[in-house]
Amino acid sequence: MITRFKLCVLVGLAWHFIEVHSHDHLLEGIYCGKQNCYEVLGVTREATKNEIAKSYRQLAKKFHPDLHRKAEDKKIAEEKFKEIATAYEILRDDEERSDYNYMLDNPQEYYAHYYRYYRRRMAPKVDVRIVLAVTITLISLVQYYSAWSKYDTAIKYFMSVPKYRNKALEIAKEEIKESQGGKKNRKSKAELKSEQDKIIRRVIEENMDIKGAYAKPEIVDILWVQLIILPYTIAYYIYWYLRWIWKYTILKQPFGNEEKFYLIRKYMKMGPHQFDAIEEYEKKEYLDEELWIKENFKIWKEIKDEEAKKALADNNKYKQYRRYIKQHGIGRMTFDDS
């Protein structure tokens, strides 16, 4: 009988000890401090987000500072209102609530709790979608203006080539003469030179078909537009691929010029812009050589490689370089080296 009584007393003291020291594992300065966020809102750990929000609204309405007139009551209400708001901010966010629950279950990991808490607090709370959109926009702007810069470089180059400049100059002089209407000295030499260069540039832009990487940029080429039309691009590629298999693999239909050039470009390992920059007479030679047939292309490539090696071997500068490497190249010791 005495033993059972002592046991009951010990159990009672143990529960009292647990009740008094239940908050000792809570850390000051993070989350709700020495208070349990769930207890502050009067909910359990199993409470849903709706239950937490409902309890917060009720408590916030009860302890709102504006509802108290006395200075002492108002001060107490302000402190309580801050505690309620802090607890709600932590428990309404799924990730932060998960970190808080982890702290309750693993009180011994003091430094880890502080790290998690301040890492989340210090991290910039910016929507990833906004960051992604801004990044794509910046890339698109750089891409577009870079393309315009390349195009401008190409135009200036053609303006400096005598063959193209002289033809454009003849047209420019005729237009300037017509604009003057037979009157003389209406414009200064500097003005006439500026107007002449503008006309030359316009004539070259209108008549020169610049292709490849230096082609005139189009809005459809920028990254934003490419991403928007990506579903269409994928669907078109699938259609094109299936059409190719059906027409040229199953039905064995003859290739058109477009298909022939695609195969030649593929064998040459060139991009579309790079292949478009090739002169038309060269493309005609590719068709005449039937380079869309892989065996023909291999033979043609071997011949071209041999011609390139021979031309390089006959080049005087290359001969001098080889002679220098032979006499002073890496691994060769001379008296000067010692």
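A salt bridge is a side-chain nitrogen of Lys or Arg within 4 Å of a carboxyl oxygen of Asp or Glu. The structure holds nine salt bridges. The model is predicted: local features need pLDDT of at least 70, side-chain atom pairs count only at pLDDT 80 or more, and totals for chains, interfaces and linings use all residues. Residues are numbered from 1 along each chain as its sequence is written, and side-chain values use heavy atoms, with hydrogens and water left out.

**A salt bridge in a helix**

- R92 and E89 are separated by about one helical turn, because they stand three residues apart in helix α4 (residues 71–92).
- Helices (H or I, at least four residues) are DSSP runs, numbered from the N terminus.

**The largest pocket**

- A pocket is an open set of points on a 1 Å grid over the protein atoms alone, where a 1.4 Å probe fits, with protein on both sides within 12 Å along at least five of seven lines.
- The largest pocket has a volume of about 770 Å³, where volume is the space filled by probe spheres set on the points.
- Helix α11 supplies the largest share of the lining, six residues.
- The largest pocket lies between domain 3 (217–252) and domain 4 (255–329), because both give residues to its lining; the domain bounds come from an automatic or database assignment.

**A nonpolar surface patch**

- W224, L227, I228, L230, I234, Y237, I238, Y241 and L242 form a nonpolar patch on the surface, with about 890 Å² of accessible area together.
- Patch residues have over 30% relative accessible area and no salt bridge, and nonpolar side chains (Val, Leu, Ile, Met, Phe, Trp, Tyr) are joined within 5 Å; areas come from the Shrake-Rupley method with a 1.4 Å probe.
- Six residues, the largest share of the patch, come from α11.

Notes:
1 Å grid on protein atoms, 1.4 Å probe; cavity = no way out; pocket = protein on both sides within 12 Å on 5 of 7 lines; lining within 4 Å. Helix = DSSP H or I, 4+ residues; strand = E, 2+ residues; numbered from the N terminus. Patch = residues over 30% accessible without salt bridge, like charges linked within 9 Å, V, L, I, M, F, W, Y side chains within 5 Å.
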